[in-house]
Amino acid sequence: MLVSIPEVLSKDAVATFRSALDAARWEDGASTGGAAAAFKSNEQLPPNGELSRRLGERLLSAVVSNPGFVSAAIPLRVYPPLFNRYGVGHYFDVHVDNAVRGDPMTGLRIRADLAVTVFLSEPDEYDGGELIVDDAYESHSVKLSAGSVAVYPASNLHMVTPVTRGLRLASFFWVQSMIRQEGVRDLVYDLDLAIQELTPRLGARDEDMVKLGGVYHNLIRHWSEV
């Protein structure tokens with residue numbers, strides 16, 4: 001399931017990130033691509049540099065405190081955010097993300113259940129550069145406003161189309177969810193959305209709402225790996 005979450009970062013926060021990234025030194029994205037290096041042409045902020053780590057911590061603090069993100073991802077472990085930029089002619093061809101990601105600085109290793117893209121450029125700042133995510137039925141084209149977030153299964157085929165004008169800035173990282181199975185995670189997410197929609201109408205203390213909340217938490221208790 002592909003989930004779009006608007007305005008996770010405020011416009012002021014985006015402006016702060018942009019100012020720091022505009023002054024940064026970038027390197028060839030292929031240097032940290034591993035097996036994926038053959039599929040992409042872009043630039044990346046040096047992942048082990050002080051700026052990347054500092055911005056990543058600030059970004060992650062905002063994302064993991066967002067209820068929409070928590071509901072969609074049910075995160076257990078999160079890989080430190082990385083930053084990339086795509087100029088004219090840059091792209092990332094169709095690929096599936098590595099199943100396991102390891103951070104050499106901290107020794108953290110996670111199973112990459114979900115991929116996350118945080119858009120840092122407005123859609124009208126560049127042409128092309130759409131995130132394309134395939135599922136079992138269709139391809140989804142994603143080009144969100146700056147500060148918005150896309151969450152999608154890292155196991156799905158996805159790509160970034162070639163940029164033909166402007167500059168596309170983004171952050172990206174991976175999540176190991178408490179719920180490993182994608183289908184179960186999607187059902188739990190749908191249940192959470194239904195509870196959120198019903199609560200204002202029925203009230204949190206409504207007997208049926210209390211039961212539904214119990215079902216939600218007991219499903220997580222049953223399926224979670226912690």
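A: Contact means heavy atoms within 4.5 Å. The model shown here is predicted.

Q: Which residues is L108 in contact with, leaving aside its neighbours within four places in sequence?
A: They are R77, V78, Y79, P80, R101, G102 and D103. One of them, Y79, is 29 residues apart from L108 along the chain, and the two C-alpha atoms are separated by 7.7 Å. L108 itself lies in the loop between strand 8 (100-102) and strand 9 (109-111).

Q: How is the exposure of L108 classed?
A: Buried means under 20% relative accessible area and exposed means over 50%, with partly exposed in between. L108 has a relative accessible area of 24%, so this residue is partly exposed.

Q: Which residues of helix 5 are buried?
A: The buried ones are M209, G213, Y216 and I220. They are on the same side of helix 5 because they cover an arc of only 60° around the axis. Helix 4 (182-202) is included in what covers them. The face turned away from the buried side carries exposed residues E207, V210, K211, R221 and H222.

Q: At what angle do helix 1 and helix 2 pack?
A: Angles over 145 degrees count as roughly antiparallel. Helix 1 (residues 11-22) and helix 2 (residues 50-64) pack at about 170°, with axes 11 Å apart, and are therefore roughly antiparallel to each other. T16, F17, A20 and L21 of helix 1 make the contact with L51, L55, R58 and L59 of helix 2. Of these contact residues, six are nonpolar, one is polar and one is charged.

Methods
Residues are numbered from 1 along each chain as its sequence is written. This is a predicted model: local features need pLDDT of at least 70, side-chain atom pairs count only at pLDDT 80 or more; totals for chains, interfaces and linings use all residues. Side-chain values use heavy atoms; hydrogens and water are left out. Axes are lines fitted to C-alpha atoms, for helices over the stretch in contact, and angles run from 0 to 180 degrees between N-to-C directions. Helices (H or I, at least four residues) and strands (E, at least two) are DSSP runs, numbered from the N terminus. Angles under 35 degrees count as roughly parallel, over 145 as roughly antiparallel, 65 to 115 as roughly perpendicular and the rest as oblique. Ala, Val, Leu, Ile, Met, Phe, Trp, Tyr, Cys and Pro count as nonpolar, Asp, Glu, Lys and Arg as charged, and the others, Gly among them, as polar. Buried means under 20% relative accessible area, exposed over 50%, partly exposed in between (1.4 Å probe, protein chains only). The arc is that of the directions from the helix axis to the C-beta atoms.
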